[in-house]
Every structure is written in structure tokens, then in C-alpha cells.
Amino acid sequence: MTEERAAAEVTAFQKILRGRRSIRRYLPGPVDPDKVRACLEAARLAPSAHNAQPWRFVVVDDPELKDRLTSAAFSGIYSGSKFAALAPIIIVLLARLDRVANRIGARLQGVPFHFLDMGIAGEHIVLQAEELGLATCWMGWFNYRKVRKVLDIPRTYKVVAMMPLGYAEKRPNREPPRKTFEEVVTFNGIERD
Ligand SMILES: Cc1cc2nc3c(=O)[nH]c(=O)nc-3n(C[C@H](O)[C@H](O)[C@H](O)COP(=O)(O)O)c2cc1C
């Protein structure tokens with residue numbers, strides 16, 4: 001197969017997967033509200049265990065609230081995360097804890113399904129954003145307690161992640177290293193370590 005032919009066969013979805021990067025430099029300018037909505041619609045349509053849809057997405061786009069939130073969330077040992085404060089929007093991902101599927105998953109199966117659900121929904125946001133030319137970054141390194149406090153989040157919700165959303169000022173030059181296909185995939189079993 002010629003290189004040209006191979007390139008032509010990369011689908012639009014594969015381009016999104018390959019083009020997506022965690023962005024840590026944002027332009028402060030606004031994002032078209034329809035695009036923001038499309039990202040959250042993508043999350044709303046995500047699959048979830050027992051269709052529990054345990055998520056709530058808090059979109060923080062009010063500049064004053066965003067300042068208070070990011071100052072609190074990214075202080076002290078979390079100050080390396082301050083880059084996200086420049087994005088015009090911060091999405092806070094919350095999981096509702098009182099769903100039956102969560103309890104069954106965690107207790108009987110040993111897998112907290114609601115965290116799986118949140119990961120899937122969050123990644124729908126990320127991939128939709130990428131298709132629309134927007135930039136995101138999953139964030140787990142922030143002060144969860146302070147985020148709860150600033151947004152007055154009820155105890156029935158667990159703060160799972162934060163995600164800046166905006167336009168990239170700069171995309172990283174270097175590709176993050178990825179394990180090879182053979183390192184991560186085995187067919188019909190797995191070798192012992
Ligand atoms: C659950 C999760 C939490 C993450 N938390 C942070 C974070 O707090 N700060 C950060 O800069 N990147 C964070 N990242 C981004 C990863 O560092 C990034 O996905 C990884 O280095 C691969 O780079 P890429 O996303 O550009 O492919 C997080 C990613 C995930 C999935």
C-alpha cells in the first residue's frame with residue numbers, strides 16, 4: 001500500500017484520536033456557547049453502568065467565580081496546575097454516589113462503576129472538543145476539598161475531575177510516549193510477569 005493511500009484511509013475519527021493532546025497553554029478568549037453545549041451533549045450521551053448516568057457537569061464560565069475556584073483549587077502543592085486558570089471555561093465533573101449501580105459495582109464486582117462512567121463521559125467531552133477545534137486537559141491534581149467548598153457541592157456528589165476548555169495558545173511539540181501495541185494487547189490470554 002502506498003503511503004498516500006494509507007494516509008487517505010485514516011478516518012476522521014482516527015484523526016481526532018491521533019490529534020488530541022492535553023493542552024496546558026490556553027487563550028483567554030471566549031468559546032462559542034454552541035460548541036460548549038455540544039461538548040456537554042456528547043457527555044450526556046455516554047454509556048454508564050445500568051444506565052445510571054451518575055454525572056453532573058458544573059460549567060464555570062463566570063470570570064469572578066472561575067477566579068475564586070481556580071485560586072482555591074490550584075494553590076499550595078497544586079500550584080503546578082495553575083495553567084488551567086487561563087482557560088475561559090472550567091468544567092467540574094461530579095459523580096453522584098447514591099446510585100444502586102455504584103454500590104453493586106463497588107461491593108460485588110470490586111469495580112467502582114461510577115468512576116468508569118465518569119471517565120467515559122469526560123472523554124466524550126474531550127473528543128468532541130477536539131473535533132470542534134477546542135482544547136482540554138483532564139485534571140486530577142487540585143484541591144478537591146476547596147473545590148467542593150467554593151462551589152458548595154452537596155455530599156451526595158464526589159468531585160472526580162476538572163477540565164479546562166478553551167482554545168489552545170500552544171500545542172506541545174513533543175508526542176507523549178505511548179506503549180507499543182504489543183505491550184498493551186494480547187490475544188486469548190496474558191503472559192505471567
Ligand atoms: C485522570 C487524569 C488525570 C490527569 N490529571 C492531570 C493533571 O492534574 N494535570 C495535568 O497537567 N495533566 C493531567 N492529565 C493529563 C495527562 O498527563 C496526559 O493525558 C498524559 O500525559 C498523556 O498526554 P496527552 O493527553 O497529551 O496524550 C490527567 C489525565 C487523566 C486521564
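Reader: OK, which residues does isoleucine 90 touch, leaving out those up to four places away in sequence?
Author: Keep in mind that this is a predicted model. Isoleucine 90 touches Val60, Lys66, Leu69, Thr70, Ala84, Met162 and Pro164.

Reader: And which residues have the most contacts inside the largest nonpolar core?
Author: Ile90, along with Val92 and Leu165. That core has 37 residues.

Reader: Which elements each supply at least two residues of it?
Author: On the helix side, helix 3 (33-44), helix 4 (63-73) and helix 6 (113-131). On the strand side, strand 2 (55-60), strand 3 (89-96) and strand 5 (157-168).

Reader: Which one gives the most?
Author: Strand 3, with seven residues.

Reader: Switching to the ligand, what surrounds it?
Author: Arg21, Ser22 and Arg24, then Ser81, then the run Cys137, Trp138, Met139, Gly140 and Trp141, plus Ala161 and Pro176.

Reader: How does that shell split by class?
Author: Six nonpolar, three polar and two charged residues.

Reader: Zooming out, how many helices and strands are in the chain?
Author: Eight helices and five strands. In sequence order they run α-α-β-α-β-α-β-α-α-β-α-β-α.

Reader: What share of the chain is buried?
Author: Buried residues are 28% of the 193.

Reader: And what about contacts between residues at least 6 apart in sequence?
Author: Of those, 81% join residues at least 24 apart.

Reader: Last one, what box do the C-alpha atoms fill?
Author: Roughly 55 × 45 × 35 Å, along the principal axes.

Key: Residues are numbered from 1 along each chain as its sequence is written. This is a predicted model: local features need pLDDT of at least 70, side-chain atom pairs count only at pLDDT 80 or more; totals for chains, interfaces and linings use all residues. A nonpolar core is a set of buried Ala, Val, Leu, Ile, Met, Phe, Trp, Tyr and Cys residues joined through C-beta atoms within 7 Å. A residue is buried if 20 or more other C-beta atoms lie within 10 Å of its own, exposed if 12 or fewer, and partly exposed in between; C-beta atoms are placed from the backbone. Helices (H or I, at least four residues) and strands (E, at least two) are DSSP runs, numbered from the N terminus. Two residues are in contact if their C-beta atoms, placed from the backbone, lie within 7 Å. A residue is near a molecule or strand if its C-beta atom, placed from the backbone, lies within 6 Å of it. Ala, Val, Leu, Ile, Met, Phe, Trp, Tyr, Cys and Pro count as nonpolar, Asp, Glu, Lys and Arg as charged, and the others, Gly among them, as polar.
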